[in-house]
Structure formats: C-alpha cells, structure tokens
Amino acid sequence: MNEGPMKEDPMNAVDPATSTYTLDIQGLRISLPGTARPVLDGIDLHVGAGETVALVGESGSGKTLTSRSALNLLPPGATVEGAVRVGGQDVLTMNADQLRALRTNTVAMIFQDPRAALNPLRRIGDFLIESVTLTRSMSRPDATARATELLQAVGLDASALHKYPGQVSGGMLQRVMIAAALMGDPALLLADEPTTALDVTTQAEVIALLTELRERFGTGLLFVTHDLDLAAAISDRVYVMYAGRIAESGPAQVLFAQPRHPYTAALLASTPRLEAPAGRLAAIDGQPPDLRQESHGCPFAARCPLAMEICERQAPEPLHAPDLPDHRAACHHTDRLEGSPVDV
Amino acid sequence: MTAVLTRRPGLSRIRAAGPPLYLICLAFVALVTTAALLASWLAPYDPNVVDLGNAMAAPSAEHWLGVDAAGRDTLSRLLLGARTSLLGPLGVVVFSTLAGVAVGMAAGWRGGWLDSVLSRSTELVFAFPGMLLAILIIAVYGEGLLAPVVALSIAYLPYVSRLTRSLVLAERKRPYVNAYQVQGHSALQICLRHILPNIAPVVLAQSTINFGYALMDLAGLSFLGLGIPALTPDWGRMVFDGQTAIQHGYPLSAIWPCVFIVLTVVAFNVVGERWADHVARRTP
Amino acid sequence: MSEHVLEAVGLHRAFADVRAVDDVSFTLPEGGSLGIVGESGSGKTTTARIIVGLERADAGQVRVRGRERGARSRGRAQRLARAREVQMVFQDPYLSLDPRTSVEDVLRETLRLHFPRTDHDRRVRELLDQVGLGTRAADARPRQLSGGQRQRVAIARVLAVEPAVLVLDEAVAALDVSVQAQILNLLADIREETRIGYLFITHDLGVVRCVTDEVIVMRQGRVVEAGPTAEVLAAPQHPYTRLLLESVPRPGWDPEAIAAARRAL
C-alpha cells in the first residue's frame, strides 16, 4: 500500500514475441494439500483475442479452477507449476498491485449466481462504479457515464443504477453482472456457468448479449459450462476436461461431430436430446475418480469401453488428428473412434 | 445457519481466543465439577465447625486458604460450596433447556396463533428482570434452593425457546423435513427424531453459556441473603459472610469465592462459545 | 374404478395477488408418465407440492384412483394411506436426506412406519439392489455419497412406501450429465417393473422427451399446451412451446432470434 496504483497498463508491457494469445495457460499443474493426485494436471489452453472458447466438464473436473487461475484466484495451500499468461504476462508471479490492476482492468469474471455475487444492501450503480473508482483508474463522473452506457448496451436503462439487487429479476441481474464485468474494458472475460441458474429463454437472451458485446469490444471469452450442446452452439473452440486433465480439444463443430476421445463421445451419447431416438440413454457407468485416489494411467480408464491394459498403466499424451492439428485428444485409442461416435 | 446465541454484553468479548484458552477453561470446568462431586471426601474440615480462636487466620499448612471471620476453614467451605453453587445453575439449565426446547419447537413447527401466543408470552418474561422475578418467588415461597432455581429457569426459558424457534424454522424449510412429511411420519416423530438431533449442538452451546450466567445470578441472590439457607456453604453466601471480615482488614475469605465465581463463569462461557463456533463451522 | 391413477381437476392457488396455479387439470393413466414443463414462476413446482400435499389448493381436487385426496390427514392410518398414494423425489439430493441418518436407517425408518411386520433386512437389500446401490453403501451417511448415489437413496426411500404415484420435482437437474443418464435409465426401469405412475416436473425438454409419454406446458400458472410428448415436441401449437423448443441450444442456434421472439410474446 506504500506505492500508488499501477499507472502502467499491463497490456502495454506485452512482449509480442512471447505470446499473441489473450490467455495462454501452459502445463498448469495444481496440487492441494491432502489429495492423492493433482487437481489440475498439465493443462494447456489458450484464448485468442475476440475468440469464444468453451471449457466443458462435469463437477469436480477442474474447469472452474482452470478459469480462476487466470485471475490467480487459487485455493489456499495450493502448489502451482506451469504458467498462466494474460496478455503475455505471467499471472502466477504477479505482486499484489499488479494483480489488482489485472483484476480491474484486464480480466473480468461473471459468476453463476448473480444474486450471491452482489451485496443486497448496495445499489446496482454503486456496485458498477466502485471497482473502477476504488482503484482510481476512473473518476466518479466518468465511471457513472460509462456505467450508464454499459447498462444501455446490456438492454437496461439508467434507472437501474438506483435500484437494489432485490428489485430486479435474475436475468436482469446477470446483465448487470455483465455490464460490471465490462466496466474496466477487459481483454478477457471469464464466464463461469453464467446461465446455469437461468431459464432457457433467458439463457438465450444472455448468450445473445454476450456474443454481441464480445464482437463489439473484441473481448476474449472463456465460457465454462457443463452443457455440451450450449458449448457447441456458442463457441469457436472447445476444451473437454475430465478429472483435472484436458481430455479433448478442438474446433466446436469437428469435436462434436467426430469426437476422438471416448469420454466426449460417451458424454454426447448420454445427454438427453430432443432429436435423439426415444428409449434408454447410453449412460456412462461409474463415477469420476475421487481426489483421494491416486491415478497413474488414463483417469477415464475405469469407465471407458475401449480401455485396455495400457490405459491403466500409462497416461496418454494429447495427440492431434492426422488432418487437423487443432483437434487433440488424450487417448491411446483415438484411431478406434474415428468416424462414428462410440457404441457404449 | 444464522441463529444467534444470546450473550451478555460484558462477557461477549471473552470469545475463545485460541486452543490454549479453551483447553485451560475446559480443564477448569472439569476440575470444579470433580471438586464438587468429591467435596465431602476432599474437604479437610467440617465446613461449619466454628473455631473462633483461629478466626481470620492467614493461609497456613493447616488451613491452605485461611480461615474466615467465624473461624471456619475457607478451603472446605469452597469445596462444599461448589456443590450448591453448581447444582443450582444445573437445575436452571436443565429445566430451562427442556421447557425452552419444547416451547420453541412447538412455536416454530406449528406457527400461526400458537407461535404468536408463545412468542408474546416469552417476550413478556424477557421484559421482566430475572432477578426481580426470583426475589418475588422467594418472597412467596421462603428460603431454599428450589425457589430461586424455578424463578431463574422461567427467566432463562425465553433465551432457549427463542433460539430453538429460529433453528426449527430454518430446519423445517429443508427438503429432508418435507421428505419425511410426504413419507407419512408424524410431526412429533420428525421433530424428535430428526430436527432435535440436528439443532441440539447449538442449543446445548447456548445452555452451557446460560450455566455461567445462572451461576452468577444465583450467587448474586445468595449474596443478598435470598434463597440459600444461612448455614449451607455457598460461594455467593461466602462473599456476603466475608463482608464483615473485610471491615476488619481481612479480605481473603471474600476474595476466594469471588475468584471462583468469576473463573467458573468465564470458563463456562469460553467452552460454550467454542462449541457454538465449532457447530457453526461444521454446518454447511 | 377409474383407469386414471391420478387426476387433478381445476387446481387454483394464489399467493397474495399472484396466481401461482390457475385452473390446472390433468390426468395420469395407470403406469403412465406425465411431464410438466415450464420455466421458473410457471407454477409447476406449486402444482407438484399441491399433489403431494405440501401445499394446499384454494380450489380444485386431486384424485388418486378415483378417490379424492383430502387436504389434511387426521390420524395415523389416514396419514399412512395418504403417503402410499403419492410420494416425491426432491431436486437437491444434498438437502433431501437427513445428514445424520445412514442409508440403511433411512430405509428402515420408512419400512418400520409402513410395513412394521415384514422382514426388513431382506427388503433393505432388495431396495438397495433395485436402485443399483451395493450393500456396502448401507452404512454410509449422506455426506459420504456422491450426488447420484444420494438420489438413488432418495428413490429407494420412496419405493419402500410402494406408492401409486411418484412425483419427481426436477429430480435430475442437480446431477452431472453422465450421472443424470444413469438415473433417468434407472427411473425408466423402475416404471417398467413396478407400474408406478410418474409425474415428472422439469424445465429440460430433452429429459421430458426421454422419460414421459404425455406432457403439459405451463406458463404463468396456466396450462398452455397439453398432449402426447412426441406430438407436442414435433409440432408445437402454442407460440410459447415453440419458443421453449427453440431456446434449447444446438448447432446453428440463434440466440438473438429467440431473445426477439421472447420479447414479442
């Protein structure tokens, strides 16, 4: 606190040689005390400027932790290896001042439950303005003007500034959260299940808004979700996580049409859909592995219909598809999945 | 869980500072309880034997904590006094907890007019100072341990019933309670078998805190000469008896019971607070 | 004797001046499965709670096998008979079990209440087996189980009562996709074996298609569309049903058009 706020915008300090990505995670491995295996195990992930990337996984897969690492929001006692770069700067080695500047100016986050993320006793206007005025990156009148403009951009009028969170609906509150996230003009937006608590029709509205704003402001978007179909519908690229690892990654269309990892295929097959034939779903037996359980081979082996002896022994490296370098799957049997989704 | 335990302003600052303080307090509670239980074997002298020749003697090898103005051994009186001094609050806590839980549970579960009636009547008791109530009841029923215990039990009942009511209200909103209702379990079964065990730790923490307060109040009453018969050894009574000695420049026989009252109250408070904090952390 | 196991006729319920449930009627045939679809505030959950008896209706009737279900039960026999008419599985498996009661005790409690003179050991094993839980899970407390396992316990508990109708209130919404499929399959198997009628409350149209024969669509307390599930999903008549269907994300999905349609409705 003895120094003033950082004048220098971290974005200006980018060394163009190191990275062209807005978010670049390399070999991220996070271990927590009291667990037998790392919570995140060798995550490689990047988000380009203006790109929408979906991070899909079930609960406990590590998707939320991965997105939070971009803000260096890690659980206490975590041991971290690897690098998380935002605009070329490693977030993991930043000091407190740099982190504060990062969180107000460069990276913003939208949470699943907007009502839980807002103080019910403060007006929406105060909430929007306080983050930028507290760090003195903007004067109060400027901030108010910006807040009004953003509220209009998310489809609310300026009267919302004087309302309390209790006076508006969940869908509107999520728009407020989006407006708040855009206050600092971020280069990267992290959205952690932003529509899970909303109705389907409201979800469509929020997604439409996010898409429009992303195009207008050129923000990179990392969209964390458990909903495969939603991920397929909105993103350019998708990462599928399982038990702390990236199982498969690639362009959204290709990945869902021709999954190369048995987990992705099984997940697709087990989702109840409108178009699918009636009858039983192809459920995946068993449970995801526990954190207390040590794992040497492929974490999905115990539930995988294709598992062989090697899967128990050796963790597979991510390999790209022969014709598509962007489409990677960490599986020993990617060739056996080629073409059609697996029969589970 | 957002239920708030009731604490008196002065004592609310003594929150469990850390494990050492808690352990010391727990040990002290255990010590005082054991001493009270084994008092008749531990006490070196008959607490009521008067030895005027030795009155106001300083601590010595024969009388570790000295002798009071009437020549009675202070250590023996303290030990036997612990009995009365702890038995009274125990009665208060047992009665106020049982009745308070019953009242609070009925109010929280049934709601409606029953809740209004019970809440209003407990507020009525709240508005009436407990000590005054005790003095009134003792005035009617005469001396003895029972009258002040009954009086304070009634005075403490609202603390427990109000807490129980808010806990039950929170608990009955949980779907598992609905699930039991749908299964056909009766309200009484659900309350006794499921809600009660789930709220018991918080209520017991409040009761432990109440124990300390009741001890203080009962000591206050017997200092005023109310309730406890004159010859029964009791800490509050000992402070009262020690007054005359203080006028003769011998404060020791009044200081010892004071010290024990304060330490016991603080110890019960710290232990109760710690349990309450522990429960609060464990509940999701 | 009616061929409908469950009938709701003209249910009404208002909270202050909000009509939460407004003239809702439907029938559930013996061994059938009916879905109630709607968004938050549509009144679907209030309807479900009226059916099981956790909420009272201002007007209207609920009949089980032709017999009217009274608003309140007096006495033990009547309470148990009511419980055997309709049972319910709740949304949140983390909150619908008493944290202090082990899996086996949950089932024993119910069996002791409803079937005091039967062999409980055998029945507990049967029930655990029926919901795909091993006997090893019997001693576990809820906190030691995963969400899917807890929901299996909740299902075993309602099966123990042997009800005529089972109300499932968003029973798979809190589960992960892979576990959700397991539970949906389990529910389909149980319906085949026991012929218990299902009333499936959900916001998820994919789930509706998967487990129901008929569906009603609710909006702001009213039924806007009703019919066989396949027909309603293939050729929705009401614009709101159409909007709901279009809102389901899929490739080539156009959120902006949906947002516009929602505002227009």
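# Briefing on chains B and C

Residues 86–109 of chain B are 100% helix and 0% strand, with end C-alpha atoms 33 Å apart. Helices (H or I, at least four residues) and strands (E, at least two) are DSSP runs, numbered from the N terminus. This is a predicted model, in which local features need pLDDT of at least 70 and side-chain atom pairs count only at pLDDT 80 or more, while totals for chains, interfaces and linings use all residues. Residues are numbered from 1 along each chain as its sequence is written, and chains are lettered from A and ligands numbered from 1 in the order in which they are written.

**Chain B: annotated spans**

- UniProt, in an unreviewed entry, lists "transmembrane region" at several spans of chain B, among them 21–43, 86–109 and 252–272. UniProt positions follow the numbering used here, feature names are shortened, and annotations may be inferred rather than shown by experiment.
- Residues 21–43 of chain B are 91% helix and 0% strand, and the end C-alpha atoms of this span are 28 Å apart.
- The UniProt annotation "domain: ABC transmembrane type-1", also from an unreviewed entry, covers residues 82–271 of chain B. Over residues 82–271, chain B is 86% helix and 0% strand, and the end C-alpha atoms lie 19 Å apart.

**Where chain C meets chain B**

- The contact involves 20 residues of chain C and 14 residues of chain B. Two residues are in contact if their C-beta atoms, placed from the backbone, lie within 7 Å.
- On the chain C side, helix H2 (76–85), strand E6 (86–89) and helix H3 (103–114) each supply at least two residues. H2(C) gives the most, with five residues.
- By class, the side of chain C that touches chain B has ten nonpolar, four polar and six charged residues. Here Ala, Val, Leu, Ile, Met, Phe, Trp, Tyr, Cys and Pro count as nonpolar, Asp, Glu, Lys and Arg as charged, and the others, Gly among them, as polar.

**The two domains of chain C**

- Chain C is divided into domain 1 (4–234) and domain 2 (235–265), with bounds that come from an automatic or database domain assignment.
- The C-alpha centres of domain 1 and domain 2 of chain C are 29 Å apart. Each of these domains of chain C puts nine residues into the contact.
- On the domain 1 side, strand E9 (214–219), strand E10 (222–228) and helix H8 (229–234) of chain C each supply at least two residues. H8(C) gives the most, with four residues.
- The residues on the side of domain 1 of chain C that touches domain 2 are six nonpolar, no polar and three charged.

**The six-stranded sheet of chain C**

- Six strands of chain C form an open sheet with mixed pairing, in the order E6-E7-E8-E3-E9-E10. Two strands pair if DSSP finds at least two bridges between them.
- E6 and E10 of chain C are the edge strands, each pairing on one side only.
- E6(C) and E7(C) run parallel and are joined by four bridges; C:Gln87 stands opposite C:Leu166 in E7(C).
- E7(C) and strand E8 (residues 197–202) of chain C also run parallel, joined by five bridges; C:Val165 stands opposite C:Gly197 in E8(C).
- E9(C) and E10(C) pair in the antiparallel sense over six bridges. The bridge partner of C:Ile216 in E10(C) is C:Ala226.

**Burial of strand E7**

- Five of the five residues of strand E7 (residues 165–169) of chain C are buried. A residue is buried if 20 or more other C-beta atoms lie within 10 Å of its own, exposed if 12 or fewer, and partly exposed in between, with C-beta atoms placed from the backbone.
- Both faces of E7(C) are covered, with C:Val165, C:Val167 and C:Asp169 on one side and C:Leu166 and C:Leu168 on the other.
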